[in-house]
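Subject: Structure handover

Hello,

Here is the structure I promised to pass on. Please open it and keep it beside this note while you read.

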Amino acid sequence: MTEHILIAVAWPYANSRLHLGHVAGAYLPADIFARYHRMKGNCVIMVSGSDQHGTPVTIRAEAEGKTPAEVAGSYHQLFLEDFDKLGISWDLFTTTRTDNHEKTAQEIFLKLLDQGYIYKQSVSQPWCDKCKRFLPDRYVEGTCPMCKSTGARGDQCEQCGKPMNPSDLIGAHCRTCDTQPIYKESEHFFLKLSAFERPLLAWVQSQPHWRANVQNFTARYLQEGLHDRAITRDIDWGVPLPLSGYDGKRLYVWFEAVIGYLSASKEWAQKSGNSEAWRHFWDGEARGYYFIGKDNIPFHTIVWPAILLGYGGLNLPYDVPANEFLTIESQKFSKSRNLAVWVSDYFERYQADPLRYLLSANMPETSDTDFSWREFVRRNNDELVSTYGNLVQRVLTFTYTRFDGAVPEHGEIDAVSHALLDKAQNTFDVVDKLISGCHFKEAIRVAMALAQESNRYLDEKAPWKVIKDDRQAAATSLYVAIAVITALKTILYPFIPFSSEKVHAYLGLSSRIEDDGWKLTMPQPGGKLNPPQVLFTKLDESVVEEETLRMGFSPI
């Protein structure tokens, strides 16, 4: 039965380039999931966009002497270029600056206000006497009262993930001029999160398929008690309030940005020619999967579900497979310290699939995982080149040259060959369950185990030797190996699509790889092959030292 799958992916702030932490945390797992479901024949939309209204954008704009619109627009374009090179297969990657998004956010605001879930209240807000302005959350920094980390922001501690208010910070100061803020009264609108505490806790506890870290993290916050939070701020950059008399206020980005999943779905529907098509992904049996990093968990398991409950009539998230952090050479990625591997820099020297493979194999699903250039080179050379690439190269090259460029006719398939074909089918079944459950790291390990087993099979059958005395036996073992390669290019397609498409072409298949479906398809004897090329390039060990030094580390 065809399913409707909404794949909602974290919106990057349009104030900096993408780094590998972003890719491993949200974009690669989402793309793997989307490609898999399309092959299964399900109806899929994968949506996201650049978050252009956050204070990170205004901070960057002030630092560069540009307007927020100029900064947001330039980084949005960079995102599109990076995603294209990575092979991230969006159905729509939009922005929060569209008329459609503004209208959707304002509509939800008014509905929640009418339902009594939003109310006005005068609050004491940080004011910088030197800058002569109210300070938005990220303009206030200090020490986190929970984990004592310095450099915590007025909206959230990056170290422990605790949401907070500027007044919670120890030693709070204006990030622009270091002045200690004073507090003045300002009228704001609040979301009554406290009204959703019980229904949210019951909902969270009824999600046994959630990752333990996501469920435990969310349940802990709910058990501690939810507090109402302001959803407006004193700033002139963002979505205006749809009310008169509030010209100097905008919707708070933490409230507005999550609405982007819905507004993007509506925009996709409009562009598809059926403006109501988005509804199929937001009601009934449709399932919504939200791919984010662990620092965004409370906004997707508490805030957004609360908004949806208050608005009514739309599905809550089915799963929020949040990843832990990807570290780099055992240190946390940091934009401010320029400690990162930037996606645009990576593509100056390397191809997409080796990166996609490494990040899939080392995906930080249940704990922080380290990226190192030594591991990048090892995985590329030992697994992509020597295991999978070698399998494809030696089978297809030998077959093409010795069997007139066609899939050979097979003879009787013996027990060893049957066992390998059974393993290929079993691999399909196991990987199917793993990807559907968002266990990508284990899925690619199982897939590569089939490639390893196939190499052992070839070593045992040795068709390049056997062909001298028994051409039929050689043809049979090559046919079986081609069947496994056909399976592998399908199973690995969600992870390493560029190389899978190449193998698909080498096998002489003119169809789109996604259209062939998620199944074991036996090759047709006599089917014409195309001349195979080298699938992956071996990297010199010097890459480790070169790249490590480029980041400012001493190579080990």
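Are helix 12 and helix 16 parallel, antiparallel, perpendicular or oblique to each other? They are oblique to each other. On the scale used, angles under 35 degrees count as roughly parallel, over 145 as roughly antiparallel, 65 to 115 as roughly perpendicular, and the rest as oblique.

First, the ground rules. This is a predicted model, in which local features need pLDDT of at least 70 and side-chain atom pairs count only at pLDDT 80 or more, while totals for chains, interfaces and linings use all residues. Residues are numbered from 1 along each chain as its sequence is written, and side-chain values use heavy atoms, with hydrogens and water left out.

Now the whole chain. The protein chain has 18 helices and 16 strands. These are DSSP runs numbered from the N terminus: helices are H or I with at least four residues, strands are E with at least two. Of its 556 residues, 59% count as buried (under 20% relative accessible area; exposed is over 50%, partly exposed in between, with a 1.4 Å probe and protein chains only). Along the principal axes, the C-alpha atoms fill a box of roughly 90 × 55 × 40 Å.

Back to the pair above. Helix 12 and helix 16 (residues 471-491) pack at about 135 degrees, with axes 10 Å apart. Axes are lines fitted to C-alpha atoms, for helices over the stretch in contact, and angles run from 0 to 180 degrees between N-to-C directions. The crossing of helix 12 and helix 16 is left-handed (the near helix is turned anticlockwise from the far one by less than a right angle; clockwise is right-handed). Contact means heavy atoms within 4.5 Å. Among the residues making it are Tyr388, Leu391 and Arg402 of helix 12 and Arg471, Leu478 and Lys489 of helix 16. By class, this contact has 11 nonpolar, one polar and three charged residues. Ala, Val, Leu, Ile, Met, Phe, Trp, Tyr, Cys and Pro count as nonpolar, Asp, Glu, Lys and Arg as charged, and the others, Gly among them, as polar.

Helix 12 (residues 373-402) also packs against helix 18 (residues 542-550), at about 150 degrees and with axes 8 Å apart. That makes helix 12 roughly antiparallel to helix 18. Their crossing is right-handed. Trp373, Arg374 and Val377 of helix 12 meet Val543, Val544, Glu547 and Thr548 of helix 18.

At 63% relative accessibility, lysine 433 counts as exposed.

Best wishes
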